[in-house]
Amino acid sequence: MKRLVLLAAALTALVAASPRPDALADGARVNDAAVTAEGYPQTLAEFGFFADAAAQVPADGVVPYRLNTPLWSDGAEKLRFVYLPKGAKARAQGEGLLDLPVGAALIKTFAFPAGGKRRLIETRVLLHRASGWVALPYRWNAEQTEARLALAGARLALTTPAGVAIDYAIPNKNQCKECHALSGAVTPIGPKARNLAATWLAAQVRAGRLDAVPVVKTRLPVWEERDGAPVALAARGYLEANCAHCHNPEGSASNSGLDLRWEQDDPYRTGVMKRPVAAGRGAGTFEFDVVPGDPEHSILPFRMASTEGGVAMPELGRASVDPAGIAVVKRWIATMRR
Amino acid sequence: MRMPEKKLAVAGALALAAISHLAVARTIAVAPGDGAQGRLQEALITAHPGDVVELGAGRFALDDGLSLDVDGVTVKGAGMYATVLDFAGQKGAGEGLLVTSDDVTLRDFAVEDAHGDGIKSKGADRVVYRRVRVTWSGAPKETNGAYGIYPVQSTGVLIDGCVVRGASDAGIYVGQSKDITVRHSIARENVAGIEIENSRNALVTANMVTGNAGGILVFDLPGLPVMGGGNTVIENNLVVANDTPNFAPKGNIVAGVPRGTGVMVMANDGVLVEHNTLENNPTAQVLVVAYPKAFEDKRYNPYPRNVVVGDNLVRGGGDDPQLPGGAQLKAALGGALPPVLWDGLGKPGEALMVAASLPGLSLNLPAQGASAEAARPSPLKLTAPVKRVDRASVGAPAALEARIAR
């Protein structure tokens, strides 16, 4: 008899842990167990982040956001969402990352135009579990009906909005961490208060999803409006969003000694007249990361303009070059006094 | 006696735990062939601590970098010529294989033609490279990857029985690390054969280093998170005919290594070079210098301190020095420079001590950062060597030895 009770309890636990088809059917509720339980759900649908995933219509509690200056990924359109479980609240931490509670998730879909339509390529999720953040990539099928876990990553041919044919890389789970690592632990990168719109932050506070509007001294410029911003801010914003996740004292490129975080104000640490350490041929024929007034002899734009393994920076996340990003960084270097 | 039910249950649970613990240490076999990239990468991601990822014999055609981020995993091939990870078709990533977890053992396989570095282990403590080959095909060239075997920011590094060839920077490069052993390895036709940089407690012993532009380099550079290199022993190595023209990309620090340098020490505190066979290195068998460039880092000491060149077996060398005015110097000295060359920078009596058996030359540069044109060469005044390294703290931890004994 006792055994029977145990068996029944075990079965109940099993049922509770698996996604509830009825909850998913209405498409509007997130499956919190998929976010927080250990393991890797095989499909994106198991999370229930979307009411209509193909159209990228979010479910309840999943809120879209944008970054002022985003990471450039071969010109991909990116759809960003943050999920907070019912009643949960993020905490402001000054200008930096919003502190998202266990159970929260960040969702980012990468899309490219194809035949006049939006083609979803992959959706990356960052899940905040009790054991820490977990990063997983999901690849959309050609029919756009399902996104499946791509633990080992994938490559596919596509054409960028700029018309460049590339071999697009969906990162594997480890590569997710290469960019998302701080002192070896996975962490979000994007939602820092200084890179989020004040209006969005205020709306989150009003909705009870954020404890306070963070005080930000200088916000990263909105990338599309960069021409109206001081070039130093536009360039440093771009470097913060595209490089600083590795190039910081706790990041994957800490050994380089190059620190491209927005808050770093020692010019030498940001590359000015700094020699590379272990750049190998990545340095080209140049001696310094940034030579004031001389972008053509600076390593930073040289590596940004390359697509060759061992030279190209960032190492992950792009297969073509970003002329707009290079232009801003070159203009910034050109305006520096020698 | 009847065992109480509760106790029995506990015993059962313990037995089960023991079995499942055994079951945890698995061997995951991965064969070359179709889809090798995905299958191998997935094995490296899903491995658990204690697992062995066993690479089959043959050539794995890979089109992307690989990475390992699970502690305590062994990646083992069928031999450094039998199992080849071929990165000739690599489309992305900065290295062939990247390791970011602790207590990893890499053994018995090869990495060929990686687009960036061969194998990089970063912040990966207690790493073992055993009978691993990292090579680039064809003639040594600037477009080869920078480093072959590249542990950085790690404590506990054992590199044993490895082969590196063709790196456009250093074949074996250990950076910003401590407690290091590099031994029984072959480094040939790289810009630098073996380089220990901004690291402490390194033992470089019983290696064959030949055909590089520079053989064994011990450098300490400014502007890095980890500085203050030293307490390093270079002994019992064969450092022979390192005479390949320097093919490093210009601008690189190793591009400044004169072709034909056997052992080169730049800055550092406490380096012992002894009992090596130094043969036919045409610029200098041993070169000791201060960091030659301008720097801003106030924490940095650019001078060599407590560098000891003890007895070494020396033959030939110094007969084609790649230094400004080298030809005249050579003629004035009867056809060859003496085996030990010092730029003359650093405190006299502290910077460099040389065994009486080895003649030397000081360039007597006037100041740190001065060009070699300002040299006023004179015979090196000998200072009796006092051994200034702490041998007890040199080398990889003993536990790493145990791992390769298996």
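Contact here means heavy atoms within 4.5 Å.

**Entry 1: ground rules**

I am working with a predicted model, where local features need pLDDT of at least 70, side-chain atom pairs count only at pLDDT 80 or more, and totals for chains, interfaces and linings use all residues. Residues are numbered from 1 along each chain as its sequence is written, chains are lettered from A and ligands numbered from 1 in the order in which they are written, and side-chain values use heavy atoms, with hydrogens and water left out.

**Entry 2: where the chains meet**

I looked up the contact between the two chains, and it takes 33 residues from chain A and 49 residues from chain B. About 3000 Å² is buried between them, with carbon and sulfur atoms giving 48% of that area. Buried area is the accessible area (1.4 Å probe) that two parts lose on being put together, summed over both. On the chain B side, Ile45(B), Asp69(B) and Lys91(B) lose the most area to chain A, together 16% of what that side buries.

**Entry 3: the sheet in chain A**

Next I traced an open sheet of six strands in chain A, ordered β3-β4-β5-β6-β7-β8 with antiparallel pairing. Strands are DSSP runs of E with at least two residues, helices are runs of H or I with at least four, and both are numbered from the N terminus. Two strands pair if DSSP finds at least two bridges between them. The edges are β3 (62–65) and β8 (147–149), each with a single partner strand, so one side of each has no neighbour in the sheet. On average, neighbouring strands are turned by 30 degrees against each other, direction ignored. For angles, axes are lines fitted to C-alpha atoms, for helices over the stretch in contact, and values run from 0 to 180 degrees between N-to-C directions.

**Entry 4: Glu122(A)**

Is Glu122(A) buried or exposed? Glu122(A) counts as buried, at 0% relative accessibility. Buried means under 20% relative accessible area, exposed over 50%, and partly exposed in between (1.4 Å probe, protein chains only). The residue sits in strand β6 (residues 117–129) of chain A. Its side chain makes polar contacts with the side chains of Tyr168(A) at 2.5 Å and Arg124(A) at 2.8 Å. A polar contact is a pair of N or O atoms within 3.5 Å; within protein, one must be able to donate a hydrogen and the other to accept it, and residues adjacent in sequence count only if both atoms are side-chain atoms. Beyond four places in sequence, Glu122(A) is in contact with several residues, including Lys108(A), Phe110(A), Trp140(A) and Pro171(A).

**Entry 5: helix α4(A)**

Helix α4 (residues 173–180) of chain A lies across β6 and β7, at about 130 degrees to β7(A). Eight of the eight residues of α4(A) are buried, so the helix is largely enclosed by the rest of the structure. Asn172(A) caps its N-terminal end, with a side-chain oxygen 2.8 Å from the backbone nitrogen of Asn174(A).

**Entry 6: the sheet in chain B**

In chain B I followed an open sheet of 12 strands with mixed pairing, in the order β4-β7-β9-β11-β14-β17-β20-β23-β26-β29-β31-β32. Its edges are β4 (66–68) and β32 (378–379), each with a single partner strand, so one side of each is left without a neighbour.

I then stopped at β9(B), residues 117–122, where six of the six residues are buried. Four parallel bridges join β9(B) to β7(B), and another four parallel bridges link β9(B) to β11(B), residues 149–152. Leu98(B) has Lys120(B) as its bridge partner, while Lys122(B) has Val152(B).

Most residues other than glycine have a negative phi, and most peptide bonds are trans. I noted a cis bond from Met313(A) to Pro314(A), with omega near -5 degrees. Ser183(A) has a positive phi near 50 degrees and is exposed at 53% relative accessibility. Gln176(B) also has a positive phi, about 50 degrees, but Gln176(B) is buried at 5%.
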